[in-house]
Amino acid sequence: MTANIKTISVSEVWKLFNLGGTVLVEAQSGDDLDIMPASWSCPLDYDKLSVFIDSSHYTRKLVEKDGYFLLALPTAKIIEKLMFLGSNSKNSLSSKIEDSKIEFYKVDDCRFPLPKGCVAWAVCKVLPETEIQKKYDLFLGQIVQAFYDERVIKDGHPQFENLDADFSILPNFGGAMFYRLGKRLPVPGYDD
């Protein structure tokens, strides 16, 4: 396994994807790889995630061909690469991935390369909900593998407040309006 990248239980990764951050959606069919950012993604259950992928996106074509997608939780460290990936389509720029200068971790037995500069990754098998996909552009995925950067989780809980600001995930409010994740708010009598 690559330094700092650890396997996490499929039923535990939702904690990281439930934080409201922008995700990277990665899809691959053969050697054809594409990545796009998405703000509309969320857990559906402890082992399922959803993401909105418009029918015009190149990434969607690859998801539909392969039947799998990867969701990755990017950090402020790669915000310029994220903006490049979201501002360019592989429909018109075939060198989009190379031009983005995004780097990858290679993890044994993982069908996708994991984008660097992220803190969590979930490989999802598309659930066969074709009506929802056609009508709402919503893809539901069964998590089959999950990974995290060990620097962001301690005792099973995210620990972003103790990390460098570049490790912050990126809630998005449209276009280039991103915010850093804030500090944990203690709740007296309920903290564990």
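The largest nonpolar core of this predicted model comprises 32 residues, and those with the most contacts inside it are Phe17, Val23, Val25, Val51, Phe69, Leu71 and Leu73. A nonpolar core is here a set of buried Ala, Val, Leu, Ile, Met, Phe, Trp, Tyr and Cys residues joined through side-chain atoms within 4.5 Å; buried denotes under 20% relative accessible area, exposed over 50%, and partly exposed the range in between (1.4 Å probe, protein chains only). At least two residues of this core are supplied by each of helix H1 (14-17), S2, S3, strand S5 (48-52), H2, S6, S9 and S10. Strand S9 provides the largest share, five residues. Helices (H or I, at least four residues) and strands (E, at least two) are DSSP runs numbered from the N terminus.

Local features required pLDDT of at least 70 and side-chain atom pairs pLDDT 80 or more, whereas totals for chains, interfaces and linings use all residues. Residues are numbered from 1 along each chain as its sequence is written, and side-chain values use heavy atoms, with hydrogens and water left out.

Residues up to four places away in sequence being excluded, phenylalanine 17 touches Val23, Pro43, Leu49, Leu71, Ala72, Leu73, Ala120, Trp121 and Ala122, where contact means heavy atoms within 4.5 Å.

Helix H2 (residues 58-66) contains the buried residues Tyr58, Thr59, Arg60, Leu62 and Val63. The buried residues of H2 pack against strands S2 (23-29), S3 (32-38), S6 (68-74), S9 (118-126) and S10 (138-149), as well as against helix H5 (130-136). Glycine 67, which follows H2, has a positive phi, near 85 degrees.

Tyrosine 179 is located in the segment after strand S12 (157-158) and is partly exposed, at 45% relative accessible area.

No disulfides were found in a search of the whole structure, a disulfide being a pair of cysteine sulfur atoms within 2.5 Å. For both cysteine 42 and cysteine 110, the closest cysteine sulfur belongs to cysteine 124. The sulfur of cysteine 42 lies 12 Å from it, too far for a bond; that of cysteine 110 lies 11 Å from it, also too far. Cysteine 42 is partly exposed, at 34% relative accessibility, whereas cysteine 110 is buried, at 13% relative accessible area.
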